[in-house]
Amino acid sequence: MSPPAKKKSASEGRDGQFVTSASPHIRHGDDISRVMWLVVVALLPALFAACYFFLWDAVRIVLIGVLTAVAAEAVIQKLSKQRVTVGDGSAVVTGLLVAFVMPSNAPWFAPLVASLFAIAVVKQAFGGLGCNIWNPALAGRAFVVACFGGLLVGGWLPSPAQPDADPPVEARPANWVAVPEGRRFADDEYTRADAVTGASALSARKDYLTAIPESEEQDVLEQQLGATPRQTLRMVQRANNTGRLDMLLGAQVGSVGETSALALLIGGALLLATKVIRWHIPVAFIGSVALFGWLLPFHAPALDGTQVAYGWVWAGGQPLFEVLAGGVMLGAIFMATDMVTSPITRRGQLIFAVGCGLITVIIRRYGGYPEGVAYSILLMNTAVPLIDSYTKPRVYGT
Amino acid sequence: MLKTFQGGVHPPEKKELARDQAIEPFPAPPEVVLYLSQHIGAPAQPAVDKGDTVKKGQLVGEAAGFVSAPVHASVSGTVKAIEPRPHPLGGDRPAVVIESDGKAEWAEDVNDERDWSGMSASDIRDAIQAAGIVGMGGATFPTHVKLSPMEGKPIRDLVINCAECEPYLTCDYRQMIEQTEEIVAGLRILMKATGAENGWIAIEANKPDAFDRFVAATEGDSDITVEMLEVKYPQGAEHQITAALLGREIPSGGLPLDIGVICQNTGTTVAVYEALRYNRPLIERVVTVTGEGVERPGNLRVPLGTPVGAILDAAGLRDGVNKLVLGGPMMGLAQYTPEVAVTKGTSGILALIDAEVYEWRACIRCGRCVDACPWQLVPSHLSIICEAKNLDAIQASDIMDCKECGCCTYVCPSRRPIVHLVKYGKGELARLRAEEENRKAEG
């Protein structure tokens, strides 16, 4: 029998039992871990889509990307005697995003090097979570492209995009040009296969827009013989002719996690509903890609005698194509919204996102790369301190 | 659409703990600790000596100048000591300690009914000054100073702040319900004292019954408007209530006076009424004792100087209480000891169970603090420059516009103690400015 517990008087013996701190004494339930793991959950639909379209390639790339990112963060924090914070989910997010921007046929070391660079150089060397200037995943991808770009072109055209019947040669889209020998069931280049490699719709378009004599794009150029810039553009549009529904669902050539706009939109809706992100960046980014995609003319070539002459053609654009192709959805919903590397005020976020959209379209139309989402975000990341200093809200009473 | 302001947060209200508990008088404790500094401004000077016999309502501390306030005995008894005691603002501060004789005898010259309707504006202000009334919402700024006219700044609007936006607290609400008429009469007195043309009673929408009572009590009064405001913290801050109610912003570094407004707390208004109507100095106040760690939450009419521990003993403390806060959870002051006593600014006694001690991390620039800041500051930036002790940046910043409402810290997912860092930064800035003054004076 223990004696009845004696109730302590409030006014005695309580010294040292009360913790003190500056106000406030209550906090909202959200913390970094919840925010980061919610981002992971929001990436799951796109992960499922990736696994559906790219099968084991997706699994392989995602595993390498995530494990490398988490291991790199843990080892660096351990070595530099910091608290190991891999449990907060931020390294998992980086690893997932690195994997999502790799083509499905990327060699195993591409996601590894990209994740390592993202965590070690872009994130930890700049001071860890909250201190990096650039989006780690995108900087990791840019590094890998700079190192072994040749290995990262194209990608497997996922099998659901295969038409039932073989198209006639003259109607074949440009993204059918490179079917590798080893993947054919028969000698016929066009018998049905599980998958074919191919350029993405954006690469195909770029080929038409940049075709120059005596290059490897000779076959593209041949189609342009005697064509006016406007006719070239029509060819471009035919080359882009992946069905919009396929593009929405994800049956298009592209990086592992970027092809399914629908899956990414579902994730985005989750992030909006849980207030992890606000609408400003995704809406302004996607909206400005559509707007500038509609507004800006193409610089299309045509063969004039033996010379290639370029002409400006405004084609009324393809706003829906622009936002569904390439990495716009992934970039606008998950990359540009990275809190650390985007402006802190809502007005700044709108400017930042419109800048991303404009640069994306400019690179796609006039730049050397078929796709511009990654570089547009990295460039705008660099401008964030400037944007922040010009978009400080008006303080109450001033 | 209810009137409101930009920014702010919605913490759980937790008012249900004490909302329905009628105000009960708390018996005078054996000993009261009357700090000579219970207000902003110069501490009062002791007006009694050790060993003196004092009566309830007798002056024990004399105001030391205009921006100061007198202190009166809240019990009758003997002055046991005049010595420093643990103070809610931290450290020990001088207090008149009175041992109660349990008789509660009033002093002769106070506590009798009078008719204030014939008094002039300046007589009313003098009476308020003599009663030692200060802002009872927690700011404790002497009320007579606030009411004093300033050249070229006529008062148009007098606002009774019935928002009570701090979670947990219900002391104002209970007074709204139980002392509706007194509050309206207090508003009339304040309007007369300032010459204000418009009277306002501003209530957060979570108190519809109080709203109805005020509407009924002011029926036929064309110069008094009862207004419902959105439930959002800090709706009851002066800057936010003027913006929400009147659409006017108090200029940076200025006072409500600058835009022709005076705001008064609910409890203060009742104190003003009692001072004028019954010639009673401020010797007691309504305190909400609440929190998950309190067995019997309630609203108590407590003699000033009552040790917090005595109140907690009576209300019952649960196991696991590890934080004691005077005031509300957003702006209240955490106490290390229950020996501190109730002051004119103690609106609540809050006992919290398992209050977390947070490990904080770098800012991830999520921008939630920017959205939440009712002053449209960038708290993230302020916290970073204060953490880095970057004095140049602090000096160039708008840190002095921060009123430490705590919204930013409440929402921060990195758990950064932004208010703490801002307080530190302001301290450093004050030190720097004092050093500059000294250099100028010397050189």
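At what angle do α10(A) and α13(A) pack, and how far apart are their axes? In this predicted model, where local features need pLDDT of at least 70, side-chain atom pairs count only at pLDDT 80 or more, and totals for chains, interfaces and linings use all residues, the angle is about 35° and the axes lie 8 Å apart. Residues are numbered from 1 along each chain as its sequence is written, while chains are lettered from A and ligands numbered from 1 in the order in which they are written.

Axes here are lines fitted to C-alpha atoms, for helices over the stretch in contact, with angles running from 0 to 180 degrees between N-to-C directions. Helices (H or I, at least four residues) and strands (E, at least two) are DSSP runs, numbered from the N terminus. Helix α10 of chain A spans residues 280-295 and reaches 21 Å from its first C-alpha to its last, close to the 22 Å expected (1.5 Å times one less than its number of residues).

The contact between α10(A) and α13(A), in which C-beta atoms placed from the backbone lie within 7 Å, involves residues including A:Ala284 and A:Phe292 on α10(A) and A:Leu350 and A:Ala353 on α13(A). By class, the contact residues comprise 12 nonpolar, six polar and one charged (Ala, Val, Leu, Ile, Met, Phe, Trp, Tyr, Cys and Pro count as nonpolar, Asp, Glu, Lys and Arg as charged, and the others, Gly among them, as polar).

Two bridges join β5(B) to β6(B), and B:Gly61 stands opposite B:Val71 in β6(B).

Notes. Two residues are in contact if their C-beta atoms, placed from the backbone, lie within 7 Å. Two strands pair if DSSP finds at least two bridges between them.
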